[in-house]
Amino acid sequence: MMQDQKKKVLGIALIGVALAVLPFVIGMGFGNAWIRMLDFALLYIMLALGLNIVVGFAGLLDLGYIAFYAVGAYIYALLASPHFGLHWPLWAILPVGALIAGIFGVLLGTPTLKLRGDYLAIVTLGFGEIIRIFLNNLNAPVNITNGPKGIAGIDPLAKNIEIFGYPLHSLYLIYYLFVALALLIVFVTMRLENSRLGRAWVAIREDEIAAKACGINTRNVKLLAFAMGASFGGVAGGLFAGFQQFVSPESFGLFESIMVLCMVVLGGMGNIPGVILGAVVLTVLPELFRQWAGPMQMAVFGQTYIDPESMRLLLFGIALILVMRFRPMGLLPSSRRKAEFEHAEEGAQA
Amino acid sequence: MTALLQARNIAKHFGGIRALKDVSLTINAGEIYGLIGPNGAGKTTFFNVITGLYQRDGGDIVFAGQPLHVESPHEVTQAGIARTFQNIRLFAEMSALENVMVGRHLRSKGSVIGAVLRTATVRAEEAAIRAKATELLAYVGIAGKAGVRAASLSYGDQRRLEIARALATEPKLLALDEPAAGMNATETAGLRALIEKVRTDGTTVLLIEHDVRLIMGLCDRVAVLDYGEKIAEDVPAVVQKDPRVVSAYLGVPYEQ
Ligand SMILES: Nc1ncnc2c1ncn2[C@@H]1O[C@H](COP(=O)(O)OP(=O)(O)OP(=O)(O)O)[C@@H](O)[C@H]1O
Ligand SMILES: [Mg+2]
């Protein structure tokens, strides 16, 4: 028991050190563009973990999830940009964004409570598009979102600073901010997974009628899943807006929703490390191909046959097919059963 | 003898099919009450109506002295009726222990904030849920299967697990829909002992069964449904000889 405790502390310490030095290693080896990508990977981890609550835990197929990312991003944009002349601090905006995105989650959830599977997917897909179209058109009669032009000049999350005379690029500070929030979301998700509510979500996923018969108020518990997932999306959206310093409806299309869903499915639905892996792989790999596909073709064939951008989508498709063929449960499938088994053994020894 | 459940003139139809026609019956506290009838007689429909899975088209239900609100199944469970399903409905990917832990949902109250902060209260509650679930697995006789995925349990064990999960909600009335279906003679004997134990420990049992020997040996009273109508209700020995019941089962028209 003590041994386990020590191992756990050691493991956490090692992960902490690795996360702390990671941007310096990557920055020195590959340059700032890669730290930027790392930051994006962290945003996608937060998004994917939020969607994982809805799809992975509660089994509700949501194809409009990016709408909550959009809500969070626009809340940040409106509260911290010259557009309305407001300049709220980050720590005040994020909770507001999470709350409003959560409310949107309930708004989406309420009319879809009776729907499952394909039907739910279609309705949520529509919801995602509606939000995007609203953002596109809310520039008249009162200009709220600035329409398709988007909102620019958003307050940055951090500035370049100097520590003991050494310049430190803002990307590093943003990295630490994102790591902290991503860890918080991982922590909350892990705690929820092994709780009364986490079990209720999985029960609904496995058999909704039996869940009702067990006394679960499926309506409330589903709405809670929508709200939790949406609020994580809202936090990630706010960070995205401050990171890019620009938002426009274009960033929140159906393809983005599908991308996040792929991260959840590819990594291993319902399994937190799997979802994290899925988010990292699907952020980094396509970027790698975009950067290397062009020069590589030049080196081998002397000219570019396939446009790197379309090659990226092609490889993305192939990767998904391969995973679904050889690892249908995802790269790291849920360890729920294994954990429970170990627990039972522990109980037997005690 | 006090009545635990009183169903009066329950009606349910699906389009043109009248699955239940003014069915009235009273289940007394502490008894094992059998509900039998040929295939399609409306037994499962009756279960679905009293547990809130279907909305009834007529009649009313009084449970434990209170009118039963059956707008949603979880409220029925809250009121004290738990059930199993004719075609077993377990949470397939969860372990046996977790299945029973879900049954404790109603009798615990850990919230989001409690779960995230893992307060002392929540930790104590989780431990209690786990202990109770472990105890119930032993009670139904599958203590050794706690960590096994529900879907990989044998058929008989799945039926037992469903009973444990239902008992976890602390019901006053346990409604079992064909629990012996697909069981061999040994398993059925074990099930019979389990149902008797449940009753002895203070839970009233409502039992749908096709196994006549099980019904006759176990039930205090039996009601017979045929084409959605209650055609008999009495102690097993009397019901067994009732000419209407005999003709319902043999398919011979009953001559008055
Ligand atoms: N959801 C439904 N929709 C339409 N018809 C239904 C529905 N549920 C039951 N029925 C019909 O109601 C009648 C009673 O069915 P029910 O399942 O209650 O019978 P049962 O007595 O449980 O039979 P069995 O012994 O075969 O389980 C049948 O004719 C059945 O086809
Ligand atoms: Mg039936």
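**Notebook: strands, rings and the A–B contact**

I started with strand β3 of chain B (residues 32-36), which is joined by four bridges to strand β8 (residues 204-208) of chain B, running parallel. I took strands pairing to mean at least two DSSP bridges between them. Helices (H or I, at least four residues) and strands (E, at least two) are DSSP runs, numbered from the N terminus.

For the record, this is a predicted model, in which local features need pLDDT of at least 70 and side-chain atom pairs count only at pLDDT 80 or more, while totals for chains, interfaces and linings use all residues. Residues are numbered from 1 along each chain as its sequence is written, chains are lettered from A and ligands numbered from 1 in the order in which they are written, and side-chain values use heavy atoms, leaving out hydrogens and water.

**Entry: β3(B)**

I looked up the other partner of β3(B). It is strand β9 (residues 221-226) of chain B, paired in the parallel sense over four bridges. Tyr33(B) stands opposite Leu206(B) in β8(B). In β9(B), Tyr33(B) stands opposite Arg221(B).

Is β3(B) buried or exposed? Five of its five residues are buried, so the strand is largely enclosed by the rest of the structure. My cut-offs: buried is under 20% relative accessible area, exposed over 50%, partly exposed in between (1.4 Å probe, protein chains only). In a regular strand the side chains alternate between the two faces of the sheet. I checked both faces of β3(B), and both are covered. Ile32(B), Gly34(B) and Ile36(B) are buried on one side, Tyr33(B) and Leu35(B) on the other.

**Entry: the open sheet of chain B**

I then traced an open sheet of four strands in chain B, ordered β2-β1-β4-β5 with antiparallel pairing. Its edge strands are β2 (17-28) and β5 (66-67), each pairing on one side only. Five bridges join β1(B) to β4(B). One pair of bridge partners is Ala11(B) and Gly58(B), the latter in β4(B).

**Entry: aromatic rings**

I searched the whole structure and found 14 aromatic pairs over all chains. Rings of Phe, Tyr and Trp (its six-membered ring) pair if their centres lie within 6.5 Å; planes under 30 degrees apart are stacked, over 60 edge-to-face, the rest tilted. Phe30(A) and Trp34(A) make a tilted pair, 5.3 Å centre to centre with 40° between the planes. Phe30(A) is exposed, at 55% relative accessible area. Trp34(A) is buried, at 15%.

Phe14(B) and Tyr54(B) are edge-to-face, 5.4 Å centre to centre and 80° between the planes. Phe14(B) lies in β1 (residues 3-14) and Tyr54(B) in the loop between α1 (43-50) and β4 (58-63), so the pair ties together parts 40 residues apart in sequence.

**Entry: Arg89(B) and the chain contact**

I found the charged end of Arg89(B) over the ring of Phe85(B), 5.6 Å from its centre. The test is NZ of Lys or CZ of Arg within 6 Å of the ring centre and within 35 degrees of the ring normal. Arg165(B) lies over the face of Phe91(B), at 4.7 Å from the ring centre.

Arg89(B) also forms a salt bridge with Asp207(A), the closest N and O atoms being 2.9 Å apart. That term needs a side-chain nitrogen of Lys or Arg within 4 Å of a carboxyl oxygen of Asp or Glu. Between chain A and chain B I count two salt bridges. The contact (heavy atoms within 4.5 Å) takes 33 residues from chain A and 38 residues from chain B.
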